[in-house]
Amino acid sequence: MKILIRMVGIATTLFWIFLIGFFISAVYSAKDVKFDFGEPRIGLSSDNEILFSLPITIDNKGYYDIGSFNVTTEISDREGFMISRASTFVPVIEKGRQIMATHEDTIDINDLLGNSQDYLFNDTELEVLETVSIKLADVIPVQTSRNLSVPWGAPLYNFTLGKIEYSGFNVTHMIATIPINFENHASFDLTGSIQMRMYNNANILMSEGQKTIETPQNTPYYGQVELDVPVAAITESGYFEVYFLTPFFNFGPLVISYG
Amino acid sequence: MAEEKRDSNKRLREFLFKAIKASIKGLIFYVIYLVLSMFLAPVSEIVPNIQQIVEIFVVVYICLMIIGELTSGTIFQHFFNAAKALFTILYLALSLNGGIVGMTVQDVNLAVDLRLFLAVAMLLGLLGLAKSVLQAINFLNKKSEHIRF
């Protein structure tokens, strides 16, 4: 009996020493692990989607390997609708090693527009839930998360059509000049075309035309579309149907009344 | 009369020896705690409560250890040893919130999953409890043999 008790006592003491020693060294070594999140970059992917990339450098100078390093970003709109989700996973970061990774998340503007067309015309904010998880010494899972607000710049901010000006062309037709202006607040240069259809108050299509646009980011656009309209069909009021065709998104019709 | 006095002197000596032994044990335990707490210093900067939690644990544990040592040679020693093991199990389970420790530092939520550590610690606590029960049984067994003899 005495031997058994002594054996249990010795085994318990040894396991306690091992457990406490391991735990404290694992926690202590965590201070020598450096995570460096670089400046986030916003660009365009090969599929013409908005590419959000975040460079990450992990320098493991601790005593143990780090397992299951995972970065997850969830981008959602202000109503909580999830737009995109992406993860970057590094299975093992060995002790004494430095690893560089890039976390990438893409946003398809067409998905955004499916939820609300406001993203084209009004600046707003996107909610980003950023989660980083690791396994200290490969056995102690640690997870950090935070919510961020990322400003969203509208590519067609304050899109307006100016007053129509008619000028003579021939006996049957006139040229209608419609001024267009907007500001590109987006993080990309906007290229593409604007198609316009002009209807009179009897819902008859009078004319249609298109204008190529090329607007660098954070610059205003001032342009005009000239439409060849039949004099007989011109009315005081009516409406335009505007279509936007760009490599990043296709949107339309946007109906704008005139008169 | 002289035998009675010798007997009381012997008891006093035994008690003093136990007290010194208990003090040395408590001191060694406290020194180990001080050394280990230096390693935990970076964590206590992030988690403000951890220092207090560990200190309370160390104080109660040392008290139980000293009382157990002072009552050595009696059945109470085993009661206090069992209490020490139970205290370790319950305190770890309660202070570690079932193994998932969560906190918010500035705007960052931090969660640490210590369930594996807690499970091993509780198993070791149970092993300590089993040892105390075995010691108590052994003690009573010896005592009954002594009385029969």
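**View 1. The open four-stranded sheet of chain A.** In this predicted model, four strands of chain A form an open sheet in the order β13-β12-β15-β16, with antiparallel pairing; strands are DSSP runs of E of at least two residues, helices are DSSP runs of H or I of at least four residues, and both are numbered from the N terminus, while two strands are said to pair if DSSP finds at least two bridges between them. Because β13 and β16 (250-258) of chain A stand at the edges with a single partner strand each, one side of each is left without a neighbour in the sheet. From one strand to the next the twist averages 20 degrees, where axes are lines fitted to C-alpha atoms, for helices over the stretch in contact, and angles run from 0 to 180 degrees between N-to-C directions. Local features are described where pLDDT is at least 70 and side-chain atom pairs count only at pLDDT 80 or more, whereas totals for chains, interfaces and linings use all residues. Residues are numbered from 1 along each chain as its sequence is written, and chains are lettered from A and ligands numbered from 1 in the order in which they are written.

**View 2. Strand β12 of chain A and its two antiparallel partners.** Strand β12 (residues 190-200) of chain A is joined to strand β13 (residues 205-215) of chain A by ten bridges, and the two run antiparallel; within this pair, A:M196 has A:G209 of β13(A) as its bridge partner. Four residues lie between the strands of this hairpin of β12(A) and β13(A), and A:N203 takes a positive phi near 60 degrees there. Eight bridges join β12(A) to strand β15 (residues 238-245) of chain A, again in an antiparallel arrangement. In β15(A), A:E241 is the bridge partner of A:R197, and A:L245 is the bridge partner of A:S193. In a regular strand the side chains alternate between the two faces of the sheet.

View 3. Chain A is divided into domain 1 (34-152) and domain 2 (157-258), with bounds that come from an automatic or database domain assignment. The C-alpha centres of domain 1 and domain 2 of chain A lie 39 Å apart. Eleven residues from domain 1 of chain A and nine residues from domain 2 of chain A take part in the contact, two residues being in contact if their C-beta atoms, placed from the backbone, lie within 7 Å. On the side of domain 1 of chain A that touches domain 2 of chain A, the elements giving two or more residues are β2 (41-44), α2 (109-115) and α3 (118-121) of chain A, and the largest share, three residues, comes from α2(A). By class, this side of domain 1 has seven nonpolar, three polar and one charged residues; Ala, Val, Leu, Ile, Met, Phe, Trp, Tyr, Cys and Pro count as nonpolar, Asp, Glu, Lys and Arg as charged, and the others, Gly among them, as polar.

**View 4. The contact between chain A and chain B.** The contact takes 23 residues from chain A and 25 residues from chain B. On the side of chain A that touches chain B, α1 (2-30) and β8 (140-152) of chain A each supply at least two residues, and α1(A) gives the most, with 13 residues. The residues on this side of chain A comprise 15 nonpolar, five polar and three charged.

View 5. Six strands form an open sheet in the order β5(A)-β4(A)-β7(A)-β8(A)-β2(B)-β1(B), and the pairing is antiparallel. The edge strands, each pairing on one side only, are β5 (82-93) of chain A and β1 (100-105) of chain B, and the twist averages 15 degrees from one strand to the next. β8(A) pairs with strand β2 (residues 108-113) of chain B in the antiparallel sense over four bridges, with A:V142 opposite B:V112 in β2(B). Within chain A, strand β4 (residues 66-76) and strand β7 (residues 124-136) pair in the antiparallel sense over nine bridges, and A:T73 stands opposite A:E130 in β7(A).

**View 6. Helices α3 and α4 of chain B.** The axes of helix α3 (residues 50-70) of chain B and helix α4 (residues 75-95) of chain B come within 8 Å and cross at roughly 170 degrees. That angle makes α3(B) roughly antiparallel to α4(B), a class for angles over 145 degrees, with under 35 counted as roughly parallel, 65 to 115 as roughly perpendicular and the rest as oblique. Among the residues that make the contact are B:F57 and B:Y61 of α3(B) and B:F80 and B:F87 of α4(B). By class, the contact of α3(B) with α4(B) has eleven nonpolar, four polar and one charged residues.
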